[in-house]
Amino acid sequence: MKKTEIKKTFFEKGAKAFQKITGYGHRCYCCPICKKIFPFQALESGVLTLEHVPPEKLGGKPIALTCMQCNSTAGYSIDAAIVNRDKLNKSVEALVRKKGNYEGKYSLKMGGETINVNLEVHDGNVTIKPPKEINNPVKLSFLKDYIMRLHKEGRCDGEEFRLSPQITYHHSLSKIGDLKTAFLVCFSFFGYSYILNDRLTKVREQIIEYNDTLLEWYWILSDEKVKDEYAIFLLNKPISVIAVKIGKITILLPWFNGHEDIYGFFANNYANGNSIPFSGNRLPWPETLEMRLDFSNAQNNQLNMDG
């Protein structure tokens, strides 16, 4: 299906769900992040955009619409942090742990000089190439002569050098990017019935005000026993929460009932490093905009668990 058709399908489904849940009298789509309401014309003008989870550069699939401000403008900073973190992690996996392949830009420091190099790792074999177009020719000439001298004198073995990735990322922005991903996954799966709940207000504010720290304890390391890359869990112990696994991290989100401040609960009870004994039910990962709670009372009753 073409992107324009996907956007129209998402708009119609979202508008129908929003009208059903809120009683709003017009055919409009509500951005799940900022809660601004948009008519169909916003879709045609490009104000409403496809949101991919994970970010499109990481192969994510479109699962919702958000407004341009939340997706392209504010979303760029936090999505870029996720993408750069992923690139850096892949380089470490390939270079240090010999897992997977990688190609990217590094800095090489040797003999007191630093140059730009292209690093390629394939099947555990490492190739370092210094492109002329992005390096000072004087430094390249120096390092070439330096390496030749080491070779001539038989001193290549044991010579120290340092490789540093040129990719950097903002750690706190990447965590908020994960929070945004989990929030949108839950919107795609549950719909407005879930994300318009007052308990998600602080989550939404943290995504919008991404340069400020409004929440803590929403981001934890994933349980290694869960092998799937992506998964959603509705947990009932130690308290009722939604847990969204995104690779090596898991995001915790409030559920309808249970503890009023889930983040305060975890900070007060597990800040000393104790493991968290989770238990609950696994839910299917959404492949498109599903909005199950908005369109099925039976599903609502099934998912609504006490904590």
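Predicted model: local features only at pLDDT ≥ 70, side-chain atom pairs only at ≥ 80, totals over all residues.

Residues are numbered from 1 along each chain as its sequence is written, and side-chain values use heavy atoms, with hydrogens and water left out. The chain holds 10 helices and 13 strands, where helices (H or I, at least four residues) and strands (E, at least two) are DSSP runs numbered from the N terminus.

**Overall dimensions and burial**

- The C-alpha trace of the chain spans about 80 × 50 × 35 Å along its principal axes.
- Of the 307 residues in the chain, 45% are buried, a term that stands for under 20% relative accessible area, with exposed meaning over 50% and partly exposed in between (1.4 Å probe, protein chains only).
- The accessible surface of the chain comes to about 16,500 Å², and 50% of that surface belongs to carbon and sulfur atoms; the areas come from the Shrake-Rupley method with a 1.4 Å probe, and for residues only the protein chains shown count as cover.
- Among contacts (heavy atoms within 4.5 Å) between residues at least 6 apart in sequence, 63% join residues at least 24 apart.

**Nonpolar cores**

- The largest nonpolar core has 72 residues, and F190, Y192, Y194, V203, I242, L253 and F266 are the members that touch the most others; such a core is a set of buried Ala, Val, Leu, Ile, Met, Phe, Trp, Tyr and Cys residues joined through side-chain atoms within 4.5 Å.
- Helix α5 (residues 171-190) contributes the largest share of this core, namely 11 residues.
- Apart from this core lies another one of 15 residues, which includes M110, I115, L140 and I167.
- When neighbours within four places in sequence are left aside, F266 is in contact with W217, P238, I239, V241, L252, A271, I276 and F278.

**The four-stranded sheet**

- Four strands form an open sheet in the order β7-β6-β5-β8 with antiparallel pairing, where two strands pair if DSSP finds at least two bridges between them.
- The edges of this sheet are β7 (125-129) and β8 (162-165), each of which pairs on one side only.
- Direction ignored, neighbouring strands of this sheet are turned by 40 degrees against each other on average; the axes are lines fitted to C-alpha atoms, for helices over the stretch in contact, and angles run from 0 to 180 degrees between N-to-C directions.
- Strand β5 (residues 102-110) pairs with β8 in the antiparallel sense over four bridges, and the bridge partner of S107 in β8 is S164.
- Helix α4 (residues 137-152) lies across β5 and β6 (113-122), and runs at about 70 degrees to β6.

**The five-stranded sheet**

- Another open sheet, of five strands, has the order β9-β12-β11-β10-β13, again with antiparallel pairing.
- Its edge strands are β9 (219-221) and β13 (279-283), each pairing on one side only, and the twist averages 30 degrees from one strand to the next.
- Strand β10 (residues 230-237) and β13 run antiparallel and are joined by five bridges, with N281 in β13 as the bridge partner of L234.
- Helix α8 (residues 262-270) packs on the sheet, where it touches β11 (241-246) and β12 (249-254), and its direction makes about 125 degrees with that of β12.

**Strand β3 and its partner**

- All six residues of strand β3 (residues 48-53) are buried, so β3 is largely enclosed by the rest of the structure.
- Six bridges join β3 to strand β4 (residues 61-67), and the two run antiparallel; H52 stands opposite P62 in β4.

**Cysteines**

- With a disulfide taken as a pair of cysteine sulfur atoms within 2.5 Å, the count comes to zero.
- C28 is in no disulfide, as the nearest cysteine sulfur, that of C30, is 9.7 Å away; C28 is also buried, with a relative accessible area of 9%.
- The sulfur of C67 is 3.6 Å from the closest cysteine sulfur, in C70, which is too far for a bond, and C67 counts as buried at 4% relative accessibility.

**The loop residue G191**

- G191 sits in the loop between α5 and α6 (192-195) and counts as buried at 0% relative accessibility.
- Leaving aside neighbours within four places in sequence, G191 is in contact with C186, M291 and D294.
- G191 and E209 are 18 residues apart in sequence, and their C-alpha atoms are 22 Å apart in space.
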